[in-house]
2 protein chains.
Amino acid sequence: MRLDQIAALAQGSDTKVLLIVLDGLGGLPRESDGMTELEAADTPNLDELARGGTCGLHHPVALGITPGSGPGHLALFGYDPLVYETGRGVLEALGIEFPLESQDIAVRANFCTLDSEGCISDRRAGRISTEAAAPLSEMLDEIRIEGAECFVRHLKEHRFVLVLRPDAATGAEVGDTDPGRTGVAPLIVRPRNEHSETTARLLDTWLKVARERLADQSGANMALLRGVSGLPDWPRFDHVFGMRAVAVAADPMYRGVGRLLGMDAVTVSDGVENLVSEYRRTFKAFDFSFLHFKAPDKAGEDGDFDRKVAVIEEVDEIIPQLVDMGPAVTLVTGDHSTPSMLKSHSWHPVPFLIHGGSARMDDTTRFGETACRNGVHGLIRGCELMRLAAARAGRLAKFGA
Amino acid sequence: MRLDQIAALAQGSDTKVLLIVLDGLGGLPRESDGMTELEAADTPNLDELARGGTCGLHHPVALGITPGSGPGHLALFGYDPLVYETGRGVLEALGIEFPLESQDIAVRANFCTLDSEGCISDRRAGRISTEAAAPLSEMLDEIRIEGAECFVRHLKEHRFVLVLRPDAATGAEVGDTDPGRTGVAPLIVRPRNEHSETTARLLDTWLKVARERLADQSGANMALLRGVSGLPDWPRFDHVFGMRAVAVAADPMYRGVGRLLGMDAVTVSDGVENLVSEYRRTFKAFDFSFLHFKAPDKAGEDGDFDRKVAVIEEVDEIIPQLVDMGPAVTLVTGDHSTPSMLKSHSWHPVPFLIHGGSARMDDTTRFGETACRNGVHGLIRGCELMRLAAARAGRLAKFGA
């Protein structure tokens, strides 16, 4: 279903929708007893919601596809990530909460090493340390060129973000300069259409200056550009679902994805209790609240089954305080699976529960992967969840007469 | 998910994927005990794989749609048959393993009978026998026209394939000459776009000569053309999934579909043991091996429940020899159902099992339609299977940051 088709059905209501995301929630069974992290966790409050609500599994992108955090969250917000693909430059800029403006062009950049012939000898400048590279980024941030403001923000090790703010709107359809291999010169900046020629020229100018400035530095003597992209022109979340929305997260990346869709964003400190107080504070002002809990994903990436169990239990403890605020519909799920046995994001479907609103109940008495597989919703696409939540909150009118 | 989106994620690995196709595998329950052919078969080895793997059902084209062999296999190779439609002419040519070249135009053709007015009195020339029609096809194969080489290959009864190899590339967007009814003249060859005008002219010339040559023959005095088509310009399988692939089959049709996607093709004699030795011989050289077993479909088409049971059991016996070769992921399924009670292909979903790679297990202990319905994968589209197999073999990178 297209977003404009949903937007045509969105209707006003005083019902509120709460989306609780446990990042990387889905897991895989441990050998000892065949339980996943979520199943091993003692979660009386989530189980209670599962009992009073309905359950299922979703795949955020597509069956068999491992989602990145950006696509995973877009799906939860109702945007099909296969249709709404974001440029990597923009995602990196969002990840550090760079305040992108509508005409900005964002680029992922790497420090690299060129040999005396101008050929790339190391695409990552020997994975130069953050300590050594951050001052180089600061130096590049001082570059001024004609036709655009330029910003450089250091990320980690050899990576940084370059943002161009051109004097007039230009396209972002520009190829990478990273050839993906060593022993050759960096590619020239090549525009893919006429509208992007200015962007290519600006980036080319910037690169020339950067090369001059880096020439006498140690550690790296050039930069490679990838994922040149502009802010996408997507329908705003509030226009699609007719709900004023807020993203509450400690991590900038997740606030960034919310902002990309026109949501308000609220920064919180780590710790589950901070999300409770922010939800309480903002409850009245918004129709849709997205609360992001990063800890399960981190524990999964670290391969720490027990810690993932523990942080899931921490979230469980605050569930009553959230639900007692009175959202009409509460949706609890993850943006992807991060099984601790894999130490990485994975393609495995993600459990979800929806509580509130009219529904045909299932027999689920426990929030977990196996229980959700037998839930009433079966296996659905992640981008369908938001429709389901809006429907149960009475916020979608009849389709057709 | 588009194939270019999958191709962007394909990553190298030394894992191997084995696809075992039991043609027409799916069945319908017999009255005596409610068991399908697969369920009635004694298949200890497939059951073992089901127990250690995960199961589900797939519909190769779409719910309710009976697949032909071409679309059924395209789906198994990950190509949505609703998007990747092949012309019938090309499919017929593949079916007899005609070595099509890139500019070739392939046409399904029928012998027919015209009355003295030039109107069609029989669209199939009284279903003329193969014995009577094959010499006519050989005669037509000798036709030479200006602007293209022409090839005629007899199929069966009134049917043959005509292949044009034009001197220069021309389009295949040309209408049928078969009006679909008797009492009217054959349609003239009508191009649907400018690029196909030469093709229409060439076919028109060929038809004029064919009519002259057939005039004094008995049995048929004209030919009707349908399904004019050229080789499709589709992404190659190895480019999409990053796996060198081989199709091992006794029947030319199935090698043909593999070749259409750029796979290598290996001819084997009938008999399950020949597929084992070919798999052993080619195991190292390929990342993806497709082994095709035709017998279940033939038994189903013949309405022979017991023979279908027996040939499924024959395949079961060699399963250990195949799996012991060491594929990381083994996928066992059919390209469609051929219930012996229907004596034909049918729309019923097809059971599948996937073995190997990380997965949440289901309780399946038996490979069969009913067991697969309760499997962890539920009912999915056939073209999703390949993604699932690639994911489990660790061959798909994360989508987005």
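The model is predicted, so local features need pLDDT of at least 70 and side-chain atom pairs count only at pLDDT 80 or more, while totals for chains, interfaces and linings use all residues. Residues are numbered from 1 along each chain as its sequence is written, and chains are lettered from A and ligands numbered from 1 in the order in which they are written.

**Relation of the chains**

Chain B is superposed on chain A by a rotation of 124 degrees with 0.2 Å of shift along the axis, at an RMSD of 0.3 Å. This is the relation of a three-fold axis. B:Gly378 has the C-alpha nearest the axis in chain B, at 4.4 Å. The superposition is by least squares on the C-alpha atoms of residues with pLDDT of at least 70 in both copies.

**Contact between A and B**

Chain B gives 17 residues to the contact and chain A gives 26 residues; two residues are in contact if their C-beta atoms, placed from the backbone, lie within 7 Å. On the side of chain B that touches chain A, helix H14 (residues 385–392) of chain B supplies the largest share, 4 residues. By class, that side of chain B has 9 nonpolar, 4 polar and 4 charged residues. Here Ala, Val, Leu, Ile, Met, Phe, Trp, Tyr, Cys and Pro count as nonpolar, Asp, Glu, Lys and Arg as charged, and the others, Gly among them, as polar. The copies meet through different surfaces, because only 6% of the interface residues of chain B are also interface residues in chain A.

**Hairpin in chain B**

Helices (H or I, at least four residues) and strands (E, at least two) are DSSP runs, numbered from the N terminus. Strands E5 (residues 148–156) and E6 (residues 159–166) of chain B pair in the antiparallel sense over 8 bridges; pairing requires that DSSP finds at least two bridges between the strands. B:Phe151 is opposite B:Val163 in E6(B). The two strands form a hairpin with 2 residues between them, and B:Glu157 in the turn has a positive phi of about 50 degrees.

**Helix H4**

A residue is buried if 20 or more other C-beta atoms lie within 10 Å of its own, exposed if 12 or fewer, and partly exposed in between, with C-beta atoms placed from the backbone.

The buried residues of H4(A) include A:His73 and A:Leu74. They pack against strands E1 (17–22) and E11 (329–333) and helices H5 (88–95), H9 (252–260) and H14 (385–392) of chain A. Just after H4(A), A:Gly78 has a positive phi of about 100 degrees.

In H4(B), B:His73 and B:Leu74 are among the buried residues. H14 of chain B is included in what covers the buried residues of H4(B). H4(B) is followed by B:Gly78, with a positive phi near 95 degrees.
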